[in-house]
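Here is a short note for a colleague opening this structure for the first time. Please read the points in order.

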Amino acid sequence: INRARGANPVVAGRANIELAHSMRKSGGVDDAKRIYEDIVNKDGVDDSARAGAYLGLGLIDLEGEGGQEAAKQALLMFLRVRLVTKDAWPSLQAEALYHASQAARKWKGPEYIYIVGRCRGLLFNEYPNSEWAKLAKSR
């Protein structure tokens, strides 16, 4: 991946995201988190790679044992996809909205019902045919 970084930083960023996703899913959470954080903090990263990093960080918090505080941090990461990476792929935007509603449910903080409704509404209105909208409808 280092060789690709010099030739095409967009490809390298996206490859690193896929590597981090694989590591997270196979139990290498600490290494995945380091890669995600590197991408979030790096200048010149395209919005889709940065969105993937925010999603990964959010999923680490949501899937972990941190309870309500971790769910709140996950919610904030998922919302960053919507607010910070507006040019990210629509599939990433839809995924972030889906996970944001799940994180808000787990958090149960002030106005969480409003947050869930708002995220689901945006998901259904803007990405009605996405796999994430279909999954949300089934829950």
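**Notes on salt bridges, core and a loop serine**

1. Aspartate 46 is buried, at a relative accessible area of 17% (buried is under 20%, exposed over 50%, partly exposed in between; 1.4 Å probe, protein chains only). The model is predicted: local features need pLDDT of at least 70, side-chain atom pairs count only at pLDDT 80 or more, and totals for chains, interfaces and linings use all residues. Residues are numbered from 1 along each chain as its sequence is written, and side-chain values use heavy atoms, without hydrogens and water.

2. Aspartate 46 forms a salt bridge with arginine 14, 2.6 Å from N to O (a side-chain nitrogen of Lys or Arg within 4 Å of a carboxyl oxygen of Asp or Glu). Aspartate 46 sits in the loop between α3 and α4 and arginine 14 in helix α2, so the pair ties together parts 32 residues apart in sequence. Arginine 14 is partly exposed, at 31%.

3. The count of salt bridges is three. Arginine 24 pairs with glutamate 63 at 3.2 Å. Arginine 24 is buried at 10%, while glutamate 63 is exposed at 51%. Arginine 82 pairs with glutamate 126 at 2.9 Å.

4. The largest nonpolar core has 43 residues (buried Ala, Val, Leu, Ile, Met, Phe, Trp, Tyr and Cys joined through side-chain atoms within 4.5 Å). Tyr36 is among those with the most contacts inside it.

5. Serine 130 lies in the loop between α7 and α8. Its relative accessibility is 16%, so serine 130 counts as buried. A polar atom of its side chain is 2.9 Å from the backbone oxygen of tyrosine 127.

Methods: Helix = DSSP H or I, 4+ residues; strand = E, 2+ residues; numbered from the N terminus. Polar contact = N/O pair within 3.5 Å; in protein donor to acceptor, adjacent residues only side chain to side chain.
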